[in-house]
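Here are my notes on this one, as promised. Have a look at the model first, then read on.

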Amino acid sequence: MLPIVAFAVTTALLLVVAGGARMFLVDPRTADGGGLYGILAVLALLLLAVPLVTLGAAAARLTSRRRNDRLATLRLLGASTRELWALTVLEATAVAAVGAVAGVAIYAALLPLVGLLPFFGAAVGVAAVAIDPLLGLGVLIGVVVIGAASAAASLRRVAVTPLGVRTRSAAPPSRTAALVVGGVLIVAVVLVVSNFSVVAQLLGPAVGIALLLGAFAGALALLNLIGAPIVAARGRSLARRARTASELIAGRELAAHAGPAWRRVSGMAIVAFIAVVAGCGLSIVDAAGDAGPTFLMGDIRTGVLVTLGIAFLLLACAVGVTQAASALEDRELLIGLDRLGIPDAELRRARRLTVMVPLRWAAGGGAALGAVMAFPIVGISLFVAPLSVLTIVATFVGGFALVRAALASTRPIVDGIRRETI
């Protein structure tokens with residue numbers, strides 16, 4: 001059920017975002033903006049598409065550890081690699097398809113509310129934001145493909161080392177190469193943004209803007225590439241310096257399963273990135289006042305707030321679903337620690353550390369990358385403007401509170417596992 005919920009939310013929000021972007025690209029009321037509506041719509045689409053796709057990929061891997069255990073057992077009993085791939089892809093495709101259909105129902109329920117958003121001086125109406133059927137079909141197919149591809153990618157270790165997966169004795173993968181490559185690519189992206197004016201002069205304004213939008217999307221994707229290696233390194237450091245049982249447990253868990261640990265909180269990195277960009281956008285609107293075409297500044301403000309709101313919805317869904325899945329996947333570990341006599345307070349602190357340690361890195365890294373990307377464009381005055389700072393601080397406070405609430409909501413699951421009623 002957890003992957004179905006995640007796929008449903010992913011599909012519904014993707015349809016909402018795609019429908020809104022389509023409106024700003026084809027609606028004749030955007031003509032007064034001189035193309036600015038379309039550019040900002042594409043930017044919002046790119047900023048939200050990466051976390052939406054990430055949530056979809058995480059949904060496909062929510063139960064990957066338990067599924068890999070079962071598949072590894074089948075592999076040891078003689079099942080062929082082709083049979084394992086067929087089972088995995090079939091299951092993931094079916095789950096993603098069910099979630100996508102449920103997402104369409106959620107989208108239909110949300111559509112009247114989306115139509116009430118104030119753009120162009122009044123509520124836009126359902127017809128303006130309703131998605132084109134062909135585009136909607138593409139979104140559904142994309143969600144299913146993401147689910148199948150992500151599940152198949154998680155199967156690679158089973159095909160190679162089924163015994164190691166089944167006994168959970170396989171060594172954690174080395175992530176040094178990913179960290180180095182990701183760091184180099186981030187530097188390259190920052191250089192492109194820093195020299196945007198030069199690029200625009202050499203290649204033309206249209207190509208320059210396209211590269212700028214692609215750079216923002218690429219920066220978000222690279223956050224996920226370097227996130228897991230940083231979490232793994234932090235986990236090893238925490239385990240080496242552990243002074244309590246909770247620190248040792250959390251450090252070992254982060255080092256061994258850095259990928260899942262990062263995916264649980266990667267939404268916060270993206271939200272922090274978007275918050276920096278959104279805060280600068282709000283400051284620009286505030287500084288511009290009533291300048292520009294009619295309704296343009298107000299529409300930009302509304303669009304920024306809607307983008308940030310959707311990002312928070314993604315974060316809430318991602319954290320809640322992945323935390324519940326994490327507790328269920330760690331059932332054997334929780335029962336084993338309970339039988340060893342680990343106090344309940346230490347166990348809760350260990351689970352809290354496995355979330356809050358990568359969360360701090362995610363929030364700080366996302367905000368830092370957003371600042372580096374936005375600074376060459378908006379300058380220091382808008383970056384440190386009160387509205388920008390307020391938006392960033394409010395996002396940090398809200399995001400951390402949201403994650404803590406999601407973690408607290410899984411306590412009944414953990415208690416049920418320890419009593420072996422789940």
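What follows is a set of numbered points on confidence and on two helix pairs.

1. Keep in mind that this is a predicted model. The protein chain has a mean pLDDT of 80, and 90% of its residues reach 70 or more. Confidence is highest in helix α12 (residues 245-256), at a mean of 89, and lowest in helix α8 (residues 162-167), at 52.

2. Now the pairing of α1 and α4. Helix α1 (residues 2-26) packs on helix α4 (residues 81-114) with the axes 6 Å apart and an angle of about 45°. The crossing of α1 past α4 is right-handed.

3. Who touches whom here? On the α1 side, the contact residues include Phe7, Leu15 and Val16, and they meet a set in α4 that includes Val95, Ile106, Tyr107 and Leu110. Sorted by class, this contact has 17 nonpolar residues, 3 polar and no charged ones.

4. Next, α9 and α11. The axes of helix α9 (residues 176-194) and helix α11 (residues 205-240) come within 9 Å and cross at roughly 155°. The cut-off for roughly antiparallel is over 145 degrees, which means α9 is roughly antiparallel to α11. Here α9 passes α11 in a left-handed crossing.

5. As for the residues in that contact, α9 brings, among others, Leu179, Gly182, Gly183 and Ile186, while α11 supplies residues including Leu212, Leu222, Pro229 and Ile230. The α9 contact with α11 splits into 14 nonpolar and 2 polar residues, with no charged ones.

Key
Residues are numbered from 1 along each chain as its sequence is written. This is a predicted model: local features need pLDDT of at least 70, side-chain atom pairs count only at pLDDT 80 or more; totals for chains, interfaces and linings use all residues. Side-chain values use heavy atoms; hydrogens and water are left out. Axes are lines fitted to C-alpha atoms, for helices over the stretch in contact, and angles run from 0 to 180 degrees between N-to-C directions. Helices (H or I, at least four residues) and strands (E, at least two) are DSSP runs, numbered from the N terminus. Angles under 35 degrees count as roughly parallel, over 145 as roughly antiparallel, 65 to 115 as roughly perpendicular and the rest as oblique. A crossing is left-handed if the near helix is turned anticlockwise from the far one by less than a right angle, and right-handed if clockwise. Contact means heavy atoms within 4.5 Å. Ala, Val, Leu, Ile, Met, Phe, Trp, Tyr, Cys and Pro count as nonpolar, Asp, Glu, Lys and Arg as charged, and the others, Gly among them, as polar. pLDDT is the predictor's confidence in each residue, from 0 to 100.
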